Amino acid sequence: MTLEEFLQPFASGLDHNTLTSFGVTFLGGIVASAVCPCTLPVGVGVAGMASASQARYRYGGLQVSTAFFAGIVISLMVLGTVAGRLGALATESFGRNWALAMAIVSLIAAALAFWRPRMNIDALTTWRRPGVLGTFGYGVVFSLGTSVAPRLLLLTIAAAQARPEQGLLLAFVFGLGRGLPFLLAGAAGSTITGLTRLGLWGRAIQLVSGAALLIVSVYYANVFIELL
Amino acid sequence: MANLDRHSITLSFFRRIALVLASVISLLSPTGYVFAAGAPTAATDSQPALKTVVVPVEGMACVVCAATVKKTVKSLAGVSRVEVSLEKRGAQVTYEPDKVSPDTIVAAINKLGYKAGSPREAP
(Lines give C-alpha, C1' and ligand atoms only; values in the text may rest on other atoms or scores of the structure.)
Protein backbone atom coordinates (compact mmCIF):
# COMPACT_ATOMS: atom_id res chain seq x y z
CA MET A 1 0.00 0.00 0.00
CA THR A 2 1.22 3.48 -0.84
CA LEU A 3 0.56 6.54 1.31
CA GLU A 4 -1.57 7.97 -1.50
CA GLU A 5 -3.81 4.89 -1.48
CA PHE A 6 -4.17 5.11 2.29
CA LEU A 7 -5.07 8.80 2.39
CA GLN A 8 -7.26 9.11 -0.70
CA PRO A 9 -10.44 7.54 0.81
CA PHE A 10 -10.25 10.04 3.68
CA ALA A 11 -9.68 13.09 1.47
CA SER A 12 -12.97 14.81 2.30
CA GLY A 13 -12.63 14.10 6.04
CA LEU A 14 -9.17 15.66 6.18
CA ASP A 15 -10.56 19.08 5.37
CA HIS A 16 -12.10 19.57 8.79
CA ASN A 17 -10.76 19.87 12.31
CA THR A 18 -12.39 16.68 13.50
CA LEU A 19 -11.15 13.76 15.54
CA THR A 20 -11.32 11.66 12.38
CA SER A 21 -8.96 13.98 10.53
CA PHE A 22 -6.47 13.87 13.43
CA GLY A 23 -6.76 10.09 13.63
CA VAL A 24 -6.22 9.68 9.89
CA THR A 25 -3.27 12.10 9.96
CA PHE A 26 -1.70 10.21 12.88
CA LEU A 27 -2.15 6.90 11.04
CA GLY A 28 -0.81 8.61 7.92
CA GLY A 29 2.38 9.34 9.87
CA ILE A 30 2.70 5.70 10.85
CA VAL A 31 2.00 4.53 7.27
CA ALA A 32 4.59 7.04 6.01
CA SER A 33 7.09 5.42 8.37
CA ALA A 34 6.07 1.95 7.26
CA VAL A 35 6.53 2.65 3.53
CA CYS A 36 9.69 4.75 3.90
CA PRO A 37 12.88 2.74 3.26
CA CYS A 38 14.78 4.96 5.73
CA THR A 39 12.76 3.73 8.70
CA LEU A 40 14.50 0.37 9.09
CA PRO A 41 18.17 1.47 8.96
CA VAL A 42 17.59 4.64 10.99
CA GLY A 43 15.36 2.73 13.43
CA VAL A 44 18.25 0.31 13.99
CA GLY A 45 20.56 3.32 14.37
CA VAL A 46 18.28 4.95 16.98
CA ALA A 47 17.99 1.64 18.84
CA GLY A 48 21.79 1.47 18.77
CA MET A 49 22.17 5.02 20.10
CA ALA A 50 19.60 4.32 22.83
CA SER A 51 21.39 1.10 23.81
CA ALA A 52 24.76 2.84 23.94
CA SER A 53 23.33 5.65 26.12
CA GLN A 54 21.51 3.19 28.36
CA ALA A 55 24.80 1.34 28.87
CA ARG A 56 26.36 4.58 30.14
CA TYR A 57 23.68 6.00 32.44
CA ARG A 58 20.21 5.22 33.74
CA TYR A 59 17.35 6.39 31.50
CA GLY A 60 19.97 7.41 28.92
CA GLY A 61 18.24 5.31 26.24
CA LEU A 62 14.87 6.87 26.95
CA GLN A 63 16.35 10.38 26.85
CA VAL A 64 18.04 9.77 23.52
CA SER A 65 15.03 8.16 21.80
CA THR A 66 12.72 10.87 23.16
CA ALA A 67 15.10 13.54 21.86
CA PHE A 68 15.09 11.96 18.38
CA PHE A 69 11.29 11.69 18.49
CA ALA A 70 11.00 15.34 19.61
CA GLY A 71 13.33 16.36 16.77
CA ILE A 72 10.98 14.78 14.23
CA VAL A 73 7.81 16.27 15.78
CA ILE A 74 9.20 19.81 16.15
CA SER A 75 10.76 19.75 12.69
CA LEU A 76 7.41 18.74 11.22
CA MET A 77 5.62 21.49 13.17
CA VAL A 78 8.03 24.07 11.76
CA LEU A 79 7.53 22.61 8.28
CA GLY A 80 3.78 22.87 8.87
CA THR A 81 4.06 26.64 9.25
CA VAL A 82 6.07 27.07 6.03
CA ALA A 83 3.88 24.87 3.86
CA GLY A 84 4.27 27.17 0.88
CA ARG A 85 8.02 26.63 0.80
CA LEU A 86 8.09 22.88 1.24
CA GLY A 87 8.72 22.42 -2.49
CA ALA A 88 12.29 23.67 -2.06
CA LEU A 89 12.93 20.75 0.29
CA ALA A 90 11.63 18.21 -2.22
CA THR A 91 14.09 18.81 -5.04
CA GLU A 92 16.76 16.36 -6.13
CA SER A 93 19.62 18.73 -5.27
CA PHE A 94 18.30 19.19 -1.72
CA GLY A 95 17.94 15.41 -1.44
CA ARG A 96 21.55 14.93 -2.49
CA ASN A 97 22.81 17.37 0.15
CA TRP A 98 20.50 15.87 2.74
CA ALA A 99 21.81 12.34 2.09
CA LEU A 100 25.36 13.63 2.51
CA ALA A 101 24.40 15.37 5.78
CA MET A 102 22.79 12.16 7.06
CA ALA A 103 25.91 10.16 6.15
CA ILE A 104 28.14 12.63 8.03
CA VAL A 105 25.87 12.90 11.11
CA SER A 106 25.55 9.09 11.29
CA LEU A 107 29.32 8.74 10.96
CA ILE A 108 29.86 11.19 13.84
CA ALA A 109 27.30 9.27 15.95
CA ALA A 110 29.11 6.00 15.12
CA ALA A 111 32.48 7.51 16.07
CA LEU A 112 31.04 8.71 19.40
CA ALA A 113 29.52 5.29 20.09
CA PHE A 114 32.94 3.66 19.58
CA TRP A 115 34.87 6.34 21.45
CA ARG A 116 32.69 7.11 24.47
CA PRO A 117 33.29 3.91 26.45
CA ARG A 118 36.90 5.04 26.82
CA MET A 119 35.82 8.28 28.50
CA ASN A 120 35.88 8.65 32.28
CA ILE A 121 32.73 9.29 34.34
CA ASP A 122 33.27 13.07 34.58
CA ALA A 123 33.68 13.40 30.82
CA LEU A 124 30.59 11.25 30.21
CA THR A 125 28.52 13.48 32.54
CA THR A 126 29.70 16.56 30.68
CA TRP A 127 28.74 14.96 27.36
CA ARG A 128 25.25 13.89 28.44
CA ARG A 129 23.46 17.12 27.54
CA PRO A 130 25.23 17.68 24.18
CA GLY A 131 24.52 14.03 23.39
CA VAL A 132 20.78 14.47 23.91
CA LEU A 133 20.79 17.77 21.99
CA GLY A 134 22.78 16.13 19.19
CA THR A 135 20.22 13.34 18.93
CA PHE A 136 17.48 15.97 18.79
CA GLY A 137 19.34 17.61 15.88
CA TYR A 138 19.71 14.21 14.22
CA GLY A 139 15.91 13.82 14.41
CA VAL A 140 15.43 17.29 12.85
CA VAL A 141 17.82 16.55 9.95
CA PHE A 142 16.28 13.11 9.40
CA SER A 143 12.79 14.57 9.30
CA LEU A 144 13.70 17.15 6.64
CA GLY A 145 14.47 14.48 4.04
CA THR A 146 11.87 11.89 4.95
CA SER A 147 8.77 13.82 5.93
CA VAL A 148 8.46 16.54 3.31
CA ALA A 149 6.97 14.32 0.59
CA PRO A 150 4.22 12.88 2.85
CA ARG A 151 3.47 16.38 4.20
CA LEU A 152 3.16 17.75 0.66
CA LEU A 153 0.82 14.89 -0.16
CA LEU A 154 -1.32 15.67 2.88
CA LEU A 155 -1.43 19.32 1.83
CA THR A 156 -2.47 18.32 -1.68
CA ILE A 157 -5.26 16.08 -0.43
CA ALA A 158 -6.50 18.38 2.34
CA ALA A 159 -6.66 21.64 0.44
CA ALA A 160 -8.44 23.40 3.30
CA GLN A 161 -5.30 23.29 5.46
CA ALA A 162 -4.54 26.81 4.39
CA ARG A 163 -5.15 28.11 7.93
CA PRO A 164 -1.77 28.18 9.72
CA GLU A 165 -3.05 26.93 13.09
CA GLN A 166 -4.72 23.93 11.49
CA GLY A 167 -1.59 23.17 9.48
CA LEU A 168 0.48 23.34 12.66
CA LEU A 169 -1.85 21.03 14.59
CA LEU A 170 -2.04 18.45 11.81
CA ALA A 171 1.75 18.60 11.36
CA PHE A 172 2.12 17.91 15.10
CA VAL A 173 -0.23 14.91 14.92
CA PHE A 174 1.49 13.65 11.77
CA GLY A 175 4.87 14.01 13.51
CA LEU A 176 3.64 11.91 16.45
CA GLY A 177 2.79 9.09 14.03
CA ARG A 178 6.00 9.55 12.02
CA GLY A 179 8.23 9.54 15.10
CA LEU A 180 6.47 6.80 17.07
CA PRO A 181 8.34 3.85 15.45
CA PHE A 182 11.68 5.46 16.41
CA LEU A 183 10.53 6.06 19.97
CA LEU A 184 9.55 2.39 20.18
CA ALA A 185 12.83 1.28 18.56
CA GLY A 186 14.80 3.36 21.08
CA ALA A 187 12.71 2.07 23.99
CA ALA A 188 13.25 -1.53 22.83
CA GLY A 189 17.00 -1.00 22.48
CA SER A 190 17.36 0.54 25.93
CA THR A 191 15.12 -2.11 27.55
CA ILE A 192 17.22 -4.93 26.13
CA THR A 193 20.36 -3.17 27.33
CA GLY A 194 18.78 -2.67 30.77
CA LEU A 195 18.08 -6.38 31.02
CA THR A 196 21.62 -7.46 30.21
CA ARG A 197 24.46 -7.58 32.68
CA LEU A 198 26.32 -4.48 31.60
CA GLY A 199 29.59 -5.61 33.10
CA LEU A 200 29.71 -8.51 30.68
CA TRP A 201 27.93 -7.07 27.66
CA GLY A 202 28.66 -3.35 27.91
CA ARG A 203 31.55 -3.32 25.43
CA ALA A 204 29.72 -5.62 22.98
CA ILE A 205 26.64 -3.35 23.05
CA GLN A 206 28.80 -0.31 22.34
CA LEU A 207 30.42 -2.09 19.38
CA VAL A 208 27.09 -3.26 17.93
CA SER A 209 25.64 0.25 18.37
CA GLY A 210 28.62 1.85 16.63
CA ALA A 211 28.47 -0.72 13.81
CA ALA A 212 24.73 -0.08 13.32
CA LEU A 213 25.36 3.66 12.98
CA LEU A 214 28.25 3.01 10.64
CA ILE A 215 25.92 0.98 8.40
CA VAL A 216 23.43 3.90 8.42
CA SER A 217 26.26 6.22 7.37
CA VAL A 218 27.29 3.96 4.46
CA TYR A 219 23.62 3.60 3.47
CA TYR A 220 23.20 7.39 3.11
CA ALA A 221 26.59 7.81 1.43
CA ASN A 222 25.33 5.32 -1.17
CA VAL A 223 22.10 7.34 -1.61
CA PHE A 224 24.21 10.47 -2.10
CA ILE A 225 26.24 8.72 -4.83
CA GLU A 226 23.09 7.46 -6.55
CA LEU A 227 21.75 11.00 -6.74
CA LEU A 228 24.92 12.43 -8.29
CA MET B 1 49.42 42.47 -57.78
CA ALA B 2 51.19 39.39 -59.12
CA ASN B 3 52.30 38.55 -55.56
CA LEU B 4 48.70 38.78 -54.30
CA ASP B 5 47.48 36.44 -57.02
CA ARG B 6 50.24 33.95 -56.21
CA HIS B 7 49.26 34.15 -52.50
CA SER B 8 45.59 33.45 -53.32
CA ILE B 9 46.52 30.48 -55.50
CA THR B 10 48.73 29.05 -52.69
CA LEU B 11 45.88 29.43 -50.13
CA SER B 12 43.40 27.81 -52.48
CA PHE B 13 45.83 24.93 -53.07
CA PHE B 14 46.24 24.24 -49.34
CA ARG B 15 42.49 24.54 -48.77
CA ARG B 16 41.88 21.88 -51.41
CA ILE B 17 44.45 19.57 -49.85
CA ALA B 18 42.80 20.04 -46.45
CA LEU B 19 39.38 19.18 -47.88
CA VAL B 20 40.71 16.06 -49.60
CA LEU B 21 42.42 14.95 -46.39
CA ALA B 22 39.22 15.51 -44.42
CA SER B 23 37.23 13.44 -46.91
CA VAL B 24 39.76 10.60 -46.77
CA ILE B 25 39.72 10.61 -42.95
CA SER B 26 35.93 10.59 -42.86
CA LEU B 27 35.84 7.62 -45.23
CA LEU B 28 38.38 5.69 -43.16
CA SER B 29 36.84 6.46 -39.78
CA PRO B 30 34.14 3.97 -38.78
CA THR B 31 32.34 6.54 -36.65
CA GLY B 32 32.22 9.19 -39.33
CA TYR B 33 33.75 11.83 -37.06
CA VAL B 34 35.93 14.47 -38.76
CA PHE B 35 38.29 16.80 -36.90
CA ALA B 36 37.15 19.84 -38.81
CA ALA B 37 35.12 22.83 -37.78
CA GLY B 38 32.59 24.69 -39.86
CA ALA B 39 29.95 22.93 -41.89
CA PRO B 40 27.81 20.21 -40.26
CA THR B 41 29.56 16.86 -40.28
CA ALA B 42 28.47 13.26 -40.20
CA ALA B 43 28.73 13.37 -36.37
CA THR B 44 25.99 15.98 -36.06
CA ASP B 45 23.75 14.08 -38.45
CA SER B 46 24.20 10.74 -36.71
CA GLN B 47 23.43 12.00 -33.20
CA PRO B 48 20.42 10.07 -31.87
CA ALA B 49 17.15 11.94 -31.50
CA LEU B 50 16.28 12.21 -27.80
CA LYS B 51 12.83 12.37 -26.31
CA THR B 52 11.82 13.60 -22.86
CA VAL B 53 8.76 12.38 -20.99
CA VAL B 54 7.35 13.01 -17.54
CA VAL B 55 6.29 9.86 -15.69
CA PRO B 56 4.05 10.33 -12.64
CA VAL B 57 5.23 8.12 -9.77
CA GLU B 58 3.01 7.28 -6.81
CA GLY B 59 4.38 5.96 -3.52
CA MET B 60 7.67 7.85 -3.16
CA ALA B 61 7.99 8.72 0.52
CA CYS B 62 11.48 10.18 0.83
CA VAL B 63 14.83 10.97 -0.76
CA VAL B 64 15.84 7.29 -0.74
CA CYS B 65 12.76 6.42 -2.85
CA ALA B 66 13.74 9.16 -5.30
CA ALA B 67 17.32 7.81 -5.45
CA THR B 68 16.07 4.25 -6.05
CA VAL B 69 13.79 5.35 -8.91
CA LYS B 70 16.58 7.45 -10.43
CA LYS B 71 19.17 4.66 -10.25
CA THR B 72 16.82 2.05 -11.75
CA VAL B 73 15.61 4.20 -14.65
CA LYS B 74 19.11 5.49 -15.36
CA SER B 75 20.40 1.92 -15.61
CA LEU B 76 18.09 1.18 -18.57
CA ALA B 77 19.94 1.13 -21.89
CA GLY B 78 19.02 4.22 -23.88
CA VAL B 79 18.15 6.45 -20.94
CA SER B 80 20.44 9.46 -20.84
CA ARG B 81 19.02 11.66 -18.08
CA VAL B 82 16.65 11.25 -15.14
CA GLU B 83 15.39 13.94 -12.77
CA VAL B 84 13.10 12.83 -9.94
CA SER B 85 10.89 15.30 -8.06
CA LEU B 86 9.22 14.46 -4.77
CA GLU B 87 7.20 17.67 -5.00
CA LYS B 88 5.75 16.86 -8.42
CA ARG B 89 5.69 13.15 -7.57
CA GLY B 90 7.24 12.11 -10.83
CA ALA B 91 10.34 11.58 -12.94
CA GLN B 92 11.45 13.46 -16.03
CA VAL B 93 13.27 11.02 -18.30
CA THR B 94 15.32 11.79 -21.42
CA TYR B 95 15.85 8.73 -23.61
CA GLU B 96 16.60 7.39 -27.09
CA PRO B 97 13.32 6.10 -28.56
CA ASP B 98 15.22 3.56 -30.70
CA LYS B 99 16.66 1.86 -27.64
CA VAL B 100 14.02 2.12 -24.93
CA SER B 101 10.28 2.76 -24.82
CA PRO B 102 8.21 4.63 -22.21
CA ASP B 103 6.48 1.33 -21.42
CA THR B 104 9.83 -0.19 -20.40
CA ILE B 105 10.49 2.81 -18.12
CA VAL B 106 7.04 2.46 -16.54
CA ALA B 107 7.54 -1.30 -16.08
CA ALA B 108 10.92 -0.74 -14.39
CA ILE B 109 9.38 1.73 -11.90
CA ASN B 110 6.40 -0.55 -11.20
CA LYS B 111 8.79 -3.44 -10.55
CA LEU B 112 10.25 -1.45 -7.65
CA GLY B 113 6.85 -1.34 -5.95
CA TYR B 114 5.92 2.21 -6.93
CA LYS B 115 3.03 3.04 -9.23
CA ALA B 116 4.00 4.76 -12.46
CA GLY B 117 1.30 6.60 -14.38
CA SER B 118 1.02 7.22 -18.11
CA PRO B 119 4.07 9.05 -19.46
CA ARG B 120 3.41 12.37 -21.18
CA GLU B 121 5.73 14.49 -23.28
CA ALA B 122 7.69 17.03 -21.28
CA PRO B 123 6.67 20.64 -21.90
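Arg81(B) is partly exposed, because its relative accessibility is 46%. This is a predicted model, so please keep that in mind. Arg81(B) forms a salt bridge with Glu83(B), with the closest N and O atoms 3.4 Å apart. Glu83(B) is also partly exposed, at 32% relative accessibility.

Next pair. Glu96(B) and Lys99(B) form a salt bridge, 3.5 Å between the closest N and O atoms. Here Glu96(B) is buried, at 16% relative accessible area, whereas Lys99(B) is exposed, at 56%.

Then there is the salt bridge between Glu121(B) and Lys51(B), at 3.7 Å, N to O. That pair links distant parts of the chain: Glu121(B) lies in strand β5 and Lys51(B) in strand β1, 70 residues apart. Glu121(B) counts as exposed, with 57% relative accessibility, and Lys51(B) as partly exposed, with 36%.

Over all chains, the search finds five salt bridges. How many are between chain B and chain A? Two. One of them joins the side chains of Lys71(B) and Glu226(A), at 3.5 Å, N to O. On the side of chain B that touches chain A, α3 (63-74) and β2 (79-85) are the elements giving two or more residues. The largest share, nine residues, comes from α3(B). By type, that side has 11 nonpolar, three polar and eight charged residues.

Now the area. Chain B and chain A bury about 1900 Å² between them, and carbon and sulfur atoms give 61% of that. Ala61(B), Val63(B) and Val64(B) supply 28% of what chain B buries against chain A, more than any other three residues.

Technical notes
Residues are numbered from 1 along each chain as its sequence is written. Chains are lettered from A and ligands numbered from 1 in the order in which they are written. This is a predicted model: local features need pLDDT of at least 70, side-chain atom pairs count only at pLDDT 80 or more; totals for chains, interfaces and linings use all residues. Side-chain values use heavy atoms; hydrogens and water are left out. Buried area is the accessible area (1.4 Å probe) that two parts lose on being put together, summed over both. A salt bridge is a side-chain nitrogen of Lys or Arg within 4 Å of a carboxyl oxygen of Asp or Glu. Helices (H or I, at least four residues) and strands (E, at least two) are DSSP runs, numbered from the N terminus. Ala, Val, Leu, Ile, Met, Phe, Trp, Tyr, Cys and Pro count as nonpolar, Asp, Glu, Lys and Arg as charged, and the others, Gly among them, as polar. Buried means under 20% relative accessible area, exposed over 50%, partly exposed in between (1.4 Å probe, protein chains only).
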